[in-house]
Amino acid sequence: MRGTQQISDPRFIKLVIWGAKGVGKSALIVRFLTRRFIGEYLSGREITYQHEVNLSGEWITAEICDALPCTSLHKHLSTMTSHPDAYVIVYSVSERESFEYACSLMRDVRRCYNELQDEKVIPFVLVGNKSDLDHLREVSYVEGAEASETVTACSFAEASAAESFPETEELFKGVFRLAKTNNILTAR
Ligand code: GDP
Ligand code: MG
């Protein structure tokens, strides 16, 4: 496991996207990578993408893992050769159950890291996707924001993979910036 002693390359950022099935994890990633919204994107397996990203003039290599929700957390963490630099935990604003799952996932990941005694505090971003479905909303913006405040180093955003490319791009770039800053600080 990567601890605080090992210097990580701030130009290489590894993200894991997690959340319940159907919340739009793949749609968000595909929107970011291709600028397009692909309505039905079913792969059924974990996929990791590599993408060069320009962050205010500086190029970084982003590795984005579209993780399966059924993966066992302990197994997932123990089999990784290097841990992610950030987690993006997604729920759908139109599905309360997915919000509750996202909240438990955030707590479980933090707990696992504590048990593994990794001192590095990995940043999280909690994302309420499908914000275009306002008429079907089951989770308010305030609830999402408040949930993120209960977890250390967690920020919050709402997004719509279906309707907004600039918002999705900003979301991912924000996560990369957060992870990069965190890597530089914890590598000291
Ligand atoms: P995943 O299982 O979390 O990877 O979810 P998918 O990316 O496969 O998306 C599940 C379903 O939600 C698909 O039918 C998508 O078209 C739809 N979807 C994804 N993002 C959005 C969104 O922002 N708004 C709306 N209205 N539908 C979305
Ligand atoms: Mg998917």
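Which residue in β5 is the bridge partner of tyrosine 87? In this predicted model, local features need pLDDT of at least 70 and side-chain atom pairs count only at pLDDT 80 or more, while totals for chains, interfaces and linings use all residues. Residues are numbered from 1 along each chain as its sequence is written, and chains are lettered from A and ligands numbered from 1 in the order in which they are written.

Tyrosine 87 has phenylalanine 124 of β5 as its bridge partner. Strands β4 (residues 86–92) and β5 (residues 124–129) run parallel and are joined by six bridges; helices (H or I, at least four residues) and strands (E, at least two) are DSSP runs, numbered from the N terminus. Six strands form an open sheet with mixed pairing, in the order β2-β3-β1-β4-β5-β6, where pairing requires at least two DSSP bridges between two strands. Strands β2 (47–55) and β6 (154–158) are the edges, each pairing on one side only.

Helix α1 packs on this sheet and touches β1 (12–19), β2, β3 (58–66), β4 and β5, its direction making about 155 degrees with that of β3. Contact means C-beta atoms, placed from the backbone, within 7 Å. Axes are lines fitted to C-alpha atoms, for helices over the stretch in contact, with angles from 0 to 180 degrees between N-to-C directions. Helix α5 (residues 165–186) lies across β1, β2, β3, β4, β5 and β6, at about 85 degrees to β2.

Ligand 1 is surrounded by 17 residues, the closest being Gly24, Lys25, Ser26, Ala27 and Ala162 (C-beta atom, placed from the backbone, within 6 Å). Helix α1 (residues 25–34) supplies the largest share of this shell, three residues.

Notes: Contact = placed C-beta atoms within 7 Å.
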